[in-house]
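Subject: Structure handover and notes

Dear colleague,

I am passing the structure below on to you, together with my notes on it. Could you read them alongside the coordinates and keep the cut-offs in view as you go?

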Amino acid sequence: MFVAPALPLLLAATTATASVILANRQAVTVDACPGYSAKNVTSGKGTLSADLTLAGTACNAYGPDLTDLKLTVTYENANRIHVKIVDANSQRYEVPDVVFKRPDVNPLDSKSADINFEYTTSPFSFQIYRTKTGETLFDSSAGSLVFEPQYLRLKTHVPSQANIFGLGEHTDPFRFDPTNTTRTLWNRDAYGVPPGTNLYGSHPIYVEHRLTGTHGVLLMNSNGMDIKLTDGALEYNIIGGVFDFYFFSGPSPQNVAQQYAQLVGLPAEVPYWGFGFHQCRYGYRDYVDVANVITNYSAANIPLETMWTDIDYMKSRWTFTNDPDYFPMDEFHVITDYLHKHNQHYIVMIDPAVAYQPNQNYGTYDRGIQNDAFLKHYWTGEIQRFFDPTTGIDVDGLWIDMNEAASFCPYPCWDPAAFALQNGDPPKRPAPPPAKGTPIFTKRDVPSGPDVLNPPYAIGNVLPHLSDNTINVDVVHQNGLLEYDTHNLYGTMMSAVTRDGMSKRRPGLRTLIITRSTFAGAGAKVGKWLGDNLSDWDHYRLSIAGQLAMAAIYQVPMVGSDICGFGGNTTETLCARWAMLGAFSPFMRNHNGDTSISQEFYLWPSVAQAARNAIGIRYQLLDYIYTHFHRQSVDGTPLIAPLWYFYPQDQTTFGIDLQFFYGDYVLVSPVTQENATNVDVYFPKDVYYDFYTYAPVRTTGTTVSLMGIDFTDIPLHIRGGGIIPMRSESAMTTTDLRKKDFTIVVAPGTDGTATGSLYIDDGVSLEQQKTTDVSFTYQKNVLKAEGKFDWDGDGKTKVSRILFLGVPTRPTVVAVSGGATNGFTYDANSKVVNATVDIPLVRAASKGGFSVTFK
């Protein structure tokens, strides 16, 4: 949302102290450290423990080596091993249970586990290997184990040219450079999301894929760290905490995703309307601007599901306030009433920082002081108070930002108020407030101990100090924990209490909360946007890898980028292409900054048409992706995925991050170059179907150049083997969309079979009373739909069309069991049977399903 100070200025501020630390860091050779020896090893059913004793003369690389450690190993289930190494003599910081609740486990006999643990006594190292094949997945003998007060180091062997993914948040390629990558985890405000730097979130999990299978490794540690990947090795360098590893056996990438979600938390379901199109910008001047944007989307015939407002609505940027002149509460009520009357929704931003405004009748500040609540827990009450539907803003969800936590005041920041005044913050309004009665909805004519401020090991934070542009890391929280240890948890903890506040504000209903800063497990509470990107083609391309990492690895599936870019000025062609790419993000929102040109889709004819086309497809596929999202909330299977998740033996797919699967079966291959009307698309060996013509495309694992792609089109293909439920047509709101009939598209695989599913519920309730949960199967010319058909909305929803793809010759008859048929057509060029049917879902419920056969 905000523009951070220019990076060169910040780097110029590096102090002599930081330079000395860096020099010391470069001088130390930690491989010469002695490591530890294992003693008093005790084994039980599914458990192992040992004492680890320093194996030689201490190297004291970044502080005194701890002499005694404790190792515990637990086989938590068949596919997960927990390995923990802690200080034997004192309690060190660990990620608290309020953020990560350790599971209660009944240890499994190691003989029944898919992966196993073994160790070498001296110098101590450990290995994780596959039980059946003996293949080593993790081997800490690659370097000395170092455990010091403010420095932990562990190094594992990995294969040469390893395929490693994760360790976010970042804008590096989805598959890391296996020879020279350093990932630093230290959350920060990262305007422009520059590649190669630490960004807003920390997810200390990596997924490694081999031709023999896929596995995952999570280090549950929230301290700042560097993870260095070189050819043949991966090394952790951490400035606090403990080694708290979880190993996931896979062996498929989907299995790893499911196993990780089972541990850190399954993603929270979001309301059906959350998958609609969202519009926002930082820089709407007043309520008139906001209302007129709503009207102009309608006039352009572009569906707008949810209108958003950035911090512009606040009084002087004070959170939990509204400007009484520019955004008066009575006009807020007019806008939210209008939106809700038209089955649309409204979301605003709140920031974590409460302005220091004593004696200014600022209730949020005054109550915080009165209750001694800051850096504690009073957020939910403020949400209920300010967003009361009668006296406050009647929001349907919330947007939380700046929660790394971010500050514009560089370290050391002794007087933030003076700094803000000096820099003109908050900025003056660019124009007077609208006159009373202005028409709206118009069309456009610290404790003693270690030095936490300057730790001896300097992680690769792009800013010179850990406290730069954030809360000072020597701040002590209410529970006694240091900000030094918990910094990376701030955004996720804010997410948790914001969700709690919205749950009390809207009891029994799902909510949509979008955050910027995340940690492992954040998806169980919120969705995520990819931060303050730029309006350029690099960020357009990088957005794909960003959303794949969040959804397919970190289990934060409600994810998307700022469409058309946040910073800088977009162009017509970039915005048109991005509108179409963004339609295949789980979270679709156009949003940009206050110093950029306006970029609402309706401002350019080509962008408006591209948006109509793409949102039309998105809405027709909304139940398809909603079904996939529900599945991820139940078992962790990702709703979007890279190609190698489905083709794990095809090495060409491992590095592809400009194509992806939307759901299990829709391959998205956007144009990725400026002004281009062509794109090279890789098709793994399989059968595909053109999404628009349904014509089959059989491939042998080749790259194909698609030509003549209009600026209002995006290449889409259906992977063979899938059955896709689609709405027969789009609509202007998701409420109206739910009244449309279904078309079922059957796309057989190379073996002539196909599968699919459809999940329907009321779209808003946390606890569902009735649902429809259907499994589709197809083989030997017969489509079957079986399952539960309890939800049918208004009782009029039906399947009105079945499309059978890849049918070589015209059939003579199409028959329906559980419904009726009104004939069919056959296209000899595309090989498609188009059957018109009448299958009410209520009737399907009474008959236990339906089937459609052609001969």
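The notes below cover conventions, packing, strand pairing, charged pairs and backbone geometry.

This is a predicted model, in which local features need pLDDT of at least 70 and side-chain atom pairs count only at pLDDT 80 or more, while totals for chains, interfaces and linings use all residues. Residues are numbered from 1 along each chain as its sequence is written, and side-chain values use heavy atoms, with hydrogens and water left out.

Packing first. A nonpolar core is taken here as a set of buried Ala, Val, Leu, Ile, Met, Phe, Trp, Tyr and Cys residues joined through side-chain atoms within 4.5 Å, where buried means under 20% relative accessible area, exposed means over 50% and partly exposed lies in between (1.4 Å probe, protein chains only). The largest such core has 163 residues, and those touching the most other members are Tyr313, Phe387, Phe584, Phe601, Leu621 and Tyr662. Helix α11 (residues 537–553) gives this core its largest share, ten residues; helices (H or I, at least four residues) and strands (E, at least two) are DSSP runs numbered from the N terminus. A second, separate core holds 46 residues, among them Ile85, Phe117, Ile128 and Leu154. In soluble globular proteins, nonpolar side chains tend to be buried together.

Returning to Phe387, and counting as contact any heavy atoms within 4.5 Å, its partners beyond four places in sequence are Tyr313, Phe320, Val348, Ile350, Ile393, Val395, Leu398 and Arg505.

Next, the strands, where two count as paired if DSSP finds at least two bridges between them. Five strands form an open sheet in the order β8-β9-β15-β14-β11, with antiparallel pairing. Its edge strands, β8 (146–148) and β11 (180–185), each pair on one side only. On average, neighbouring strands of this sheet are turned by 15° against each other, direction ignored, with axes being lines fitted to C-alpha atoms (for helices over the stretch in contact) and angles running from 0 to 180 degrees between N-to-C directions. Within the sheet, strand β9 (residues 151–157) and strand β15 (residues 233–238) run antiparallel and are joined by six bridges, and Leu152 has Ile238 in β15 as its bridge partner.

On charged pairs, a salt bridge requires a side-chain nitrogen of Lys or Arg within 4 Å of a carboxyl oxygen of Asp or Glu, and by this rule there are 33 of them. Arg80 and Glu76 form one, with their closest N and O atoms 2.7 Å apart, and both residues are buried. Glu382 and Arg385 form another at 2.9 Å, N to O; they sit three residues apart in helix α7 (residues 379–386), and are therefore separated by about one helical turn. Of this pair, Glu382 is buried at 3% relative accessibility, whereas Arg385 is partly exposed at 44%. Through salt bridges that share partners, Lys84, Glu94, Asp97, Arg102 and Asp244 are joined into one network.

Arg727 deserves a separate look. Arg727 lies in strand β34 (residues 722–727) and is buried, with a relative accessible area of 2%. Its side chain reaches the backbone oxygen of Lys740 at 2.7 Å. Leaving out residues up to four places away in sequence, Arg727 touches, among others, Tyr272, Tyr619, Asp623, Phe742 and Thr797.

Finally, which backbone values may you wish to check? Most residues other than glycine have a negative phi, and most peptide bonds are trans. A cis peptide bond joins Ser122 and Pro123, with omega about -10°, and Pro123 is placed in the loop between β5 (115–120) and β6 (125–130). The peptide bond from Asp425 to Pro426 is also cis, with omega near -5°, and Pro426 is in the loop between α8 (416–422) and α9 (483–486). Tyr694, which is not a glycine, has a positive phi of about 70°; Tyr694 belongs to the loop between β30 (686–690) and β31 (696–699) and is buried, at 14% relative accessible area. Lys780 likewise has a positive phi, near 50°, in the loop between β37 (772–779) and β38 (782–789), but Lys780 is exposed at 76% relative accessibility.

With best regards

Key:
Polar contact = N/O pair within 3.5 Å; in protein donor to acceptor, adjacent residues only side chain to side chain.
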